[in-house]
Amino acid sequence: MNLHENLLGGPPPTHLPAEPEPAELLASGASPAEVAAAHPTSSLAWAQLADDAFAGGRVVESYAYARTGYHRGLDALRRSGWKGHGPVPWEHEPNRGFLRALHALARAADAIGEKPEAERCAQFLRDSSPTAADTLG
């Protein structure tokens, strides 16, 4: 018996490739805007911009940043073999940028009264990673 066989019949988890440079730049205190400009495919940079804008009361900006990070993440997921559904584990750190952007999009959509999108994104987050949904709250 193959120990890595998925007995539930669902797709295997998707693990995005590591992007160490954007993560290192953000961790060292670089401006998220500078990191996003230098690494526009980094969901992590866009998620940080979304979080900062939301914390500053700039909800529409947060929505726009989160949507960008979400779409950049979808592109990366597809390049990694994702077929539109299945686990995207929070435990795999490179997935966290996408999951944070998805959470930020749900939060900002809710704040601007876009309830169906907020609910869809919140469910997508929970379906992708219950741990991310619980962690990000």
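**Close-up 1. A101, a buried residue of this predicted model.** With a relative accessible area of 0%, A101 falls under the 20% cut-off, so A101 counts as buried. You will find A101 in helix 5. Setting aside neighbours within four places in sequence, the contacts of A101 are S43, A47, A66, G69 and Y70.

**Close-up 2. Helix 5 packed with helix 6.** Here helix 5 (residues 96-111) meets helix 6 (residues 115-128) at an angle of about 155°, and their axes are 7 Å apart. Because angles over 145 degrees count as roughly antiparallel, helix 5 is roughly antiparallel to helix 6. The two helices make a left-handed crossing.

**Close-up 3. The residues where helix 5 and helix 6 meet.** On the helix 5 side, look for F98, L99, L102, H103, L105, A106, A109 and D110. Helix 6 answers with K115, E117, A118, C121, A122, F124, L125 and S128. Taken by type, the residues of this contact are 11 nonpolar, two polar and three charged.

**Close-up 4. S42, in a loop between two helices.** The loop that holds S42 lies between helix 2 (32-38) and helix 3 (43-55). Is S42 buried or exposed? S42 is buried, because its relative accessibility is 1%, and buried means under 20%. Not counting residues up to four places away in sequence, S42 touches E19 and P22.

How values were computed. Residues are numbered from 1 along each chain as its sequence is written. This is a predicted model: local features need pLDDT of at least 70, side-chain atom pairs count only at pLDDT 80 or more; totals for chains, interfaces and linings use all residues. Side-chain values use heavy atoms; hydrogens and water are left out. Axes are lines fitted to C-alpha atoms, for helices over the stretch in contact, and angles run from 0 to 180 degrees between N-to-C directions. Helices (H or I, at least four residues) and strands (E, at least two) are DSSP runs, numbered from the N terminus. Angles under 35 degrees count as roughly parallel, over 145 as roughly antiparallel, 65 to 115 as roughly perpendicular and the rest as oblique. A crossing is left-handed if the near helix is turned anticlockwise from the far one by less than a right angle, and right-handed if clockwise. Contact means heavy atoms within 4.5 Å. Ala, Val, Leu, Ile, Met, Phe, Trp, Tyr, Cys and Pro count as nonpolar, Asp, Glu, Lys and Arg as charged, and the others, Gly among them, as polar. Buried means under 20% relative accessible area, exposed over 50%, partly exposed in between (1.4 Å probe, protein chains only).
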